[in-house]
Amino acid sequence: MYALEVNNLKKTYRNGVQALKGVSLNVREGDFFALLGPNGAGKSTLIGIVSSLVNSSSGETLVFGASVQKQRSLAMSYIGLVPQEINFNQFEKPFEIVVNQAGYYGIPRATAIERAEKYLRQLHLWDKAFTQSRNLSGGMKRRLMIARAMVNEPRLLILDEPTAGVDIEIRRSMWEFIEGINESGTTVILTTHYLEEAEQLCRNIAIIDQGRIVENTDIKSLLATL
Ligand code: ADP
Ligand code: ADP
């Protein structure tokens, strides 16, 4: 079973930019997968299409066999997304932010409350759970984004540049959490423009450049060729 299957995916934005020029990719269930590429390569566009925030121009995207284009809500029920930019309401408290996210998935309130506590604790945010989130540090805000993405206990966790601009200590604690999530069986895909991050964490890797996959292999083989 594949967590993700992408077949000949293309995206041309309205301004004419061809962000994806026929991308095909499979990610196995349980994998820890890196999508590596320079700025502008198409990583966010690909993640956007998989998580249904961006419409594709053509091609097919399946999440655990469910088509993002044709079975949107089923496909989305499998995904937790950690976008690159902090996009929660900073006047809300972490606890509210995580509980409210559960509402989008129709998760019962009692379960949502339980999970909010569980994931805020795991991400070392429980002591800030009832503080306005605008008062959190940058690293705490990033961890809150992860806690929010976990509320539907996704089978596939996608993180777009999760540690961009985060200092090394916080980066390590985020890596630890994400590794734990993967060890517990969740498939993880992250985008990064640091080979080091991919190397530290991931098993398999695809390199994207100018809207095309230029390499798709396991990390060890890739490092052997460098
Ligand atoms: P879609 O084809 O998915 O509807 P659009 O082409 O409408 O996407 O673009 C969405 C928004 O992003 C527009 O407001 C557009 O101006 C803006 N945008 C344009 N160029 C860029 C860019 N290079 N990076 C990010 N956003 C951009
Ligand atoms: P990456 O995440 O690898 O930095 P993106 O997917 O953000 O790459 O961008 C791929 C290309 O598409 C870039 O040329 C970017 O400027 C362009 N682009 C991204 N979003 C938009 C948008 N909404 N409208 C128009 N062009 C966009």
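Axes here are lines fitted to C-alpha atoms, for helices over the stretch in contact, and angles run from 0 to 180 degrees between N-to-C directions. Hold on to that for the helix pairs. One caution before we start: this is a predicted model.

First pair, α5 and α6. Helix α6 covers residues 168–183. The two helices pack at an angle of about 10°, and their axes are 10 Å apart. Angles under 35 degrees count as roughly parallel, so α5 and α6 are roughly parallel to each other. As for handedness, α5 passes α6 in a right-handed crossing. Who makes the contact? From α5, we have Gly 139, Arg 142, Arg 143 and Ile 146. From α6, we have Ile 170, Ser 173, Met 174, Phe 177 and Ile 178. By class, that contact splits into 5 nonpolar, 2 polar and 2 charged residues.

Next, α3 against α5. Helix α3 runs over residues 94–104, and α5 over residues 138–149. Their angle is about 30°, with the axes 8 Å apart. Under the 35 degree cut-off, α3 and α5 are therefore roughly parallel to each other too. The crossing of this pair is right-handed. On the α3 side, the contact residues are Pro 94, Ile 97, Val 98 and Gln 101. They meet Leu 144, Ala 147 and Arg 148 in α5. That gives 5 nonpolar residues, 1 polar and 1 charged.

Helix α4 is residues 109–122. Here the packing angle is about 135°, and the axes lie 9 Å apart. Is that parallel or oblique? The angle makes α3 oblique to α4. The crossing is right-handed. α3 contributes Pro 94, Phe 95, Val 98, Val 99 and Ala 102. α4 contributes Arg 109, Ala 112, Ile 113, Ala 116, Glu 117 and Leu 120. In this contact, 9 residues are nonpolar, none is polar and 2 are charged. Two α3 names come back from the previous pair. Pro 94 and Val 98 meet α5, and Pro 94 and Val 98 also take part in the contact with α4.

Now the ligands. For Lys 11, a side-chain N or O atom is 2.9 Å from an oxygen atom of the ligand. For Arg 14, the corresponding distance to a ligand 1 oxygen is 2.6 Å.

Around it are Tyr 13, Asn 15, Val 17 and Ala 19, then Pro 38, Asn 39, Gly 40, Ala 41, Gly 42, Lys 43, Ser 44 and Thr 45. Asn 15 has a polar side-chain atom 3.5 Å from a nitrogen atom of ligand 2. Lys 43 puts a polar side-chain atom 2.9 Å from a ligand 2 oxygen. And which distance goes with Thr 45? An N or O atom in the side chain of Thr 45 is 2.6 Å from an oxygen atom of ligand 2.

That's the tour. Happy to take questions.

Definitions and conventions:
Residues are numbered from 1 along each chain as its sequence is written. Chains are lettered from A and ligands numbered from 1 in the order in which they are written. This is a predicted model: local features need pLDDT of at least 70, side-chain atom pairs count only at pLDDT 80 or more; totals for chains, interfaces and linings use all residues. Side-chain values use heavy atoms; hydrogens and water are left out. Helices (H or I, at least four residues) and strands (E, at least two) are DSSP runs, numbered from the N terminus. Angles under 35 degrees count as roughly parallel, over 145 as roughly antiparallel, 65 to 115 as roughly perpendicular and the rest as oblique. A crossing is left-handed if the near helix is turned anticlockwise from the far one by less than a right angle, and right-handed if clockwise. Contact means heavy atoms within 4.5 Å. Ala, Val, Leu, Ile, Met, Phe, Trp, Tyr, Cys and Pro count as nonpolar, Asp, Glu, Lys and Arg as charged, and the others, Gly among them, as polar. A polar contact is a pair of N or O atoms within 3.5 Å; within protein, one must be able to donate a hydrogen and the other to accept it, and residues adjacent in sequence count only if both atoms are side-chain atoms. A residue is near a molecule or strand if one of its heavy atoms lies within 4 Å of it.
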